[in-house]
Each structure stands twice: as structure tokens, then as C-alpha cells.
Amino acid sequence: MKSYLVNKYNYLIVGSGIIGMTIAYELLEKNKNLKIAIIDKEEDVAKHASGRNSGVLHAGFYYSADSLKAKFTVDGNKLMKQFCKNNNIFVNETEKIVVANNEIELKGIYELQKRAEVNGVQTSIIDEDEVCKIDSNIKTYKKALYSPTTASVDPIEVCLKLKEVLKLKDVEFYFNTSFKECHLEYEYMINASGAYADKIAKQFGLAQDYTMLPFKGIYLKYLENKTDIKTNIYPVPNLSNPFLGVHYTVTVDGSIKIGPTAIPAFWRENYKGLDNFNFSEMIEILYYEAKLFILNSFNFRDLAFSEVKNYSNKIFIQKAKNMVKKIGNNFKPIPAGIRAQLLNTKTNELIQDFVVEHTKDSTHILNAVSPAFTCSFAFAKYIVDEIDKNKKENK
Ligand SMILES: Cc1cc2nc3c(=O)[nH]c(=O)nc-3n(C[C@H](O)[C@H](O)[C@H](O)COP(=O)(O)OP(=O)(O)OC[C@H]3O[C@@H](n4cnc5c(N)ncnc54)[C@H](O)[C@@H]3O)c2cc1C
């Protein structure tokens, strides 16, 4: 029997991205009688980060061992593949090669292999001949990192299927409903509102030292021969910032895309031109970006200069060209995404890991940055346990 009063929900989840929906899924795995409402300010699921990403199921070798990201990527990758299998969603087992350009980046390859070993991720270091057998077009300096478990999915297809599955389990979705305008009655609230998670958390007295900074991830789709690239190809990232660098993704239909960039954006949904323009957000974000620029925290100046250059397709494409022997010039823009990146306003650092805060009857997911799509099912199990603990402590 359902444990609800009429119109009163056990849980209100704000945000129908992958995080909000996987939390609903895992809550119901633990107790199928719960009554859950999911609200979203948009007209459907996955209108923001969850539907505007690379669709890569990461393996988990980038992250330092003590992070939540490291803890959930390996299991998250397996659980997402399982969900896809159970629901007839195609997973393209693309694998992945991380390439080096020079001696310094070669050291980065060994560092990533070390992290993979600590995190229990299956990877190996391979030489140029072995790289050539996987994809003869790839260029690397001496060695590369090979990841057999990296794969691609269509993130929108995953989210739409999850909505369908949740509806069958009696979860009620309220679209075009922002948290501010929501009049539902509920016992416990879960804030999974992505780019606006800090704003909502602040209404509960949380996230006091944080604000969200948006970074725009532009993509270009390759319009020539689909077989020019056979696997996902990534550069060695700068591990001091949370972005992985412009890479090649082989998508579910075998198309090739390059991106995403990480260009500082001026408002939270600043996807293109003046779309979703928000003046007060712009003032706030410009203030923090100017501060980071002046202080040059985490080399923000270099990041900003190098990323802004990506607005030039020529420079953007050249970055991708550096990783292969031969690729054409015919690319077209496809929808961009925005990385909602949490900034600590006291230390002026970008937060690399997921952050979770609670009040006695609410839980707030702050900084669900990449690879949160990959992690989502495993992360959601953890959140459900954290909610149980929180409730017990506040009984
Ligand atoms: C360019 C880019 C590339 C990425 N690539 C990958 C990748 O390859 N692999 C990977 O694992 N991860 C990747 N990620 C990360 C991944 O996409 C995100 O971590 C994940 O989608 C975050 O999910 P979410 O549910 O927290 O946020 P979202 O999907 O943004 O969902 C939040 C929802 O909350 C709603 N909302 C906001 N405010 C309110 C409000 N006030 N009231 C009601 N609703 C509200 C929004 O409309 C939205 O639907 C990438 C991200 C980006 C931007």
C-alpha cells in the first residue's frame, strides 16, 4: 500500500536531469511504496547538462582516489550499461585512447595509469604499434593510455527511458514548474537542480561559501567519413582543473564530434547568443570571473585566454587535429552544453568533487560535474543511504 496522504509526497525532487531521476529510481529500489514527485522548470527531462553532454561513460582513471568521483565512476559505468541493456538502449563500446604530445604529457599518461590502478580501473599503457592496431589514424608521442571500458550512449535517450520507467513506478512529474512556484506538500526535499543547485541551497541556509560558475562546452560534428576516427581520443588533461580538454567522441550512431570547450560563460544558461539572458546572473558571474582573472587563481587567466580562442573554429579544430594523422575540415556546430561548476568564494578554487549538504529534511546535490552522468546510478545509491543517515540523526 502506498504510504501517502492525498497530494502529500514523501519526497519532492527538484530537477529532472540524470541526478534527480536516478535518485528517484534508487529510492524506489529501496522502498517501492514511496510517493515521489519530480518537478522541473522546463517542459521535459534532460533540457540542460544531462541532455547536452558528450554521452561518454567514463572509466574512472582521472580522479584522485579520495574523491567521490573515483568512488562512483567504475560502478556507475557498469550500472548505466546494465540499465541500458535492460531497457534496449544501445551502448557503443567505443573504448578510449588518451594520447600524449610530448615528454611532459607522457608523464601525464603514467600518472593516469597510476590513478587507474589505485581506483581499480582497467587500463593499460600501450606503444605506438598497439595504438595503430586500434586506430591507425591516431598520433601519439611514444605511448598512450588504453581504456577498454569507456563507451558512448545517447544521454537524451537514457533520460527519456528513465522518465518512462519512473512513470511506470508511479513517480509524478510536474514540468514547467520551478521550485519557487511549487506548492506541493512533501516530507523531504532533494535539490538536484544542476546549475541552480547553489541558489536553492542558499534558501535553506546552505552553500554559504559557494557560487556556480558556468563554462560553455561547444561541440562540432564531423561531416566527412565516419570511419576517419574509430575510438574516443582524448588529450592528457591538466589535472589541476576539472576539464578534460577537446577530444573526439564516437557517438552511438558512429558519428564523430569534437569538443567540448570550457569557455567561461556569462550567465547560467548562456548556450548561444542571448538565449536565456539573465542580467543579474551576468553581473554576479562577471564579478567572480573578474576576481579570478585579477587574482589569477588556479591559472584562470591562462584558462580563459586559451578557451576563448576556441571560439575560432580554426583553432578549435586544430586542437583536435593534433591528435590524429589525417582529418578533414568539414565540421558543423551542434548544441552546446554548460558545465555548472562550483566555485569556493572564500578560497577562489574550483571544486573538483561532488558536494552534498543537508538540512534535517532536505538534501542538496551541489557540483554534479562530469562524470556525474556516468556515476549517476552509483552516486544515487550513496545519496539514498546519506538521506537515511540524515533522517536517523535528526529523528
Ligand atoms: C559539455 C558537457 C559535457 C559532459 N560530458 C560528460 C560525459 O561525457 N560523461 C559524463 O559522465 N558526464 C558528462 N558531463 C556531466 C554531466 O552531463 C552532468 O554532470 C550531469 O548531466 C548533471 O546532471 P544534473 O541532473 O545534476 O543536472 P541537469 O541535467 O542540469 O538537471 C538539472 C535540472 O534541474 C532543473 N532546474 C534548475 N533549476 C530549477 C528550479 N529552480 N526549479 C525546477 N527545476 C529546476 C533544470 O531545468 C534541469 O532539468 C558533461 C557535462 C557537460 C556540460
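**Close-ups of a predicted model**

**View 1. Helix α1 against helix α5.** The axes of α1 and α5 (residues 155-168) come within 10 Å and cross at roughly 35 degrees; axes here are lines fitted to C-alpha atoms over the stretch in contact, with angles from 0 to 180 degrees between N-to-C directions. Helices are DSSP runs (H or I, at least four residues) and strands are E runs of at least two, numbered from the N terminus. On the α1 side, Ile18, Met21, Ala24 and Tyr25 meet Cys159, Leu162, Lys163 and Leu166 of α5 (contact: C-beta atoms, placed from the backbone, within 7 Å). That makes seven nonpolar, no polar and one charged residues, where Ala, Val, Leu, Ile, Met, Phe, Trp, Tyr, Cys and Pro count as nonpolar, Asp, Glu, Lys and Arg as charged, and the others, Gly among them, as polar.

This is a predicted model: local features need pLDDT of at least 70, side-chain atom pairs count only at pLDDT 80 or more, and totals for chains, interfaces and linings use all residues. Residues are numbered from 1 along each chain as its sequence is written.

View 2. Around the ligand sit 41 residues, with Gly15, Gly17, Gly194, Gly217 and Ala372 the closest (C-beta atom, placed from the backbone, within 6 Å). α1 (18-30), β15 (331-344) and α10 (372-393) each give two or more residues to this shell. Its classes come out at 18 nonpolar, 17 polar and six charged.

**View 3. The six-stranded open sheet.** Strand order is β8-β2-β1-β9-β18-β17, with mixed pairing (at least two DSSP bridges per pair). β8 (172-174) and β17 (355-359) are the edges.

Technical notes. Contact = placed C-beta atoms within 7 Å.
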